[in-house]
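Welcome! Open your viewer, and let's take a short walk through this protein together.

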Amino acid sequence: SMPETGGFAIPANVFAETVTSVTHYTDRLFAFRMTRPQSFRFRSGEFVMIGLPNAEKPVYRAYSIASPSWDEELEFFSIKVPGGPLTEHLQKIKTGDTVLMRKKPTGTLVHDALIPGKRLFMFSTGTGIAPFASVLRDPETYEKFDQVILTQTCRETAELDYGRQLVDHMKTDEMMQEIVGGKDLFFHASATREGETRGERITTLIENGKLCSDLGIEPLNPETDRAMICGSMAMLKDTEKLLLARGFEEGANNAPGTFVVERAFVD
Ligand code: A2P
């Protein structure tokens with residue numbers, strides 16, 4: 001059936017898709033799923049431009065696709081920015097509503113931008129976990145790596161729920177266990193402003209070695225390890241600095257390396 005666009009004409013480079021579910025995690029975070037166009041292909045970890053058909057000239061923002069490339073629907077994990085030109089409307093969407101998506105996916109948090117290794121680290125803050133929710137569910141991840149380590153730091157504990165539920169699902173769902181295929185999957189979550197992980201930014205955890213000692217795994221090593229980073233501009237800069245100091249080299253789609261950073265979402 002045709003999506004409801006309230007008379008808005010869909011441009012040729014845009015898909016109009018129907019929301020299938022919405023989940024609110026906190027007053028600042030929510031996730032939604034929507035239909036996936038038959039012709040739409042992407043690599044796990046990529047992002048697209050998302051908008052709403054509620055204005056003559058829709059506002060588009062970069063959103064990582066949080067679902068894996070094999071999923072028949074598309075999932076997104078979003079912040080609610082008070083007064084944000086897109087998210088103030090997007091946070092109110094309901095099942096059956098229409099979301100616009102530009103047709104071309106892109107991004108650097110993809111397997112193609114990393115050279116082969118033994119362990120994959122995915123460092124995120126806040127909604128920066130979204131592309132990793134995609135990579136984490138992709139069979140290629142476990143074909144290429146023996147150990148997969150996802151980290152997320154948020155200000156508050158409740159903000160870690162999306163990631164916790166995802167990792168629980170990976171560990172309990174039969175189909176997901178088949179995807180993981182007996183490889184080691186670790187999740188390190190910390191709330192920096194409450195509870196016993198207070199003050200534990202990812203940068204602190206890398207610097208003092210607590211990340212790997214908490215998980216009972218070998219320290220970071222550019223010979224065996226590959227990394228992906230997604231978070232705020234400050235977090236990207238600081239985490240990147242720590243990896244460079246440890247001998248990691250930044251990769252890109254046309255020149256794979258030992259770590260990659262997504263800069264599409266910052267400011
Ligand atoms: P903190 O609570 O110590 O500021 P934000 O919502 O500001 O983007 O923060 C999300 C998470 O990222 C918080 O846990 C925050 O820690 C952390 N964070 C903020 N800046 C940095 C940084 N430069 N390096 C690492 N982590 C950071």
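Before we set off, one definition: Ala, Val, Leu, Ile, Met, Phe, Trp, Tyr, Cys and Pro count as nonpolar, Asp, Glu, Lys and Arg as charged, and the others, Gly among them, as polar.

You are looking at a predicted model. The protein has an average pLDDT of 95, and 97% of the residues score at least 70. For the complex, the predictor gives an ipTM of 0.98 and a pTM of 0.96.

Find the open sheet of 5 strands, which are ordered 9-8-7-10-11 and paired in parallel. At its edges are strand 9 (184-191) and strand 11 (259-261), each pairing on one side only. From one strand to the next, the twist averages 10°.

Now select residues 147-154, which make up strand 8; 8 bridges join strand 8 to strand 9.

**Stop two: the helices.** Select residues 161-172 to see helix 4, which lies across strand 8 and strand 9 and runs at about 160° to strand 9. Next, select helix 8 (residues 233-245), which packs on the sheet and touches strand 7 (119-125), strand 10 (225-230) and strand 11. The direction of helix 8 makes about 165° with that of strand 10.

**Stop three: the ligand.** Around the ligand are 14 residues, of which Thr-125, Thr-192, Arg-201, Ser-232 and Ala-234 come nearest. Which helix gives the most to this shell? Helix 8 does, with 3 residues. Strand 8 and helix 6 (202-207) each supply at least two. Color the shell by residue type, and you will find 4 nonpolar, 6 polar and 4 charged residues.

Definitions and conventions. Residues are numbered from 1 along each chain as its sequence is written. This is a predicted model: local features need pLDDT of at least 70, side-chain atom pairs count only at pLDDT 80 or more; totals for chains, interfaces and linings use all residues. pLDDT is the predictor's confidence in each residue, from 0 to 100. Two strands pair if DSSP finds at least two bridges between them. Helices (H or I, at least four residues) and strands (E, at least two) are DSSP runs, numbered from the N terminus. Axes are lines fitted to C-alpha atoms, for helices over the stretch in contact, and angles run from 0 to 180 degrees between N-to-C directions. Two residues are in contact if their C-beta atoms, placed from the backbone, lie within 7 Å. A residue is near a molecule or strand if its C-beta atom, placed from the backbone, lies within 6 Å of it.
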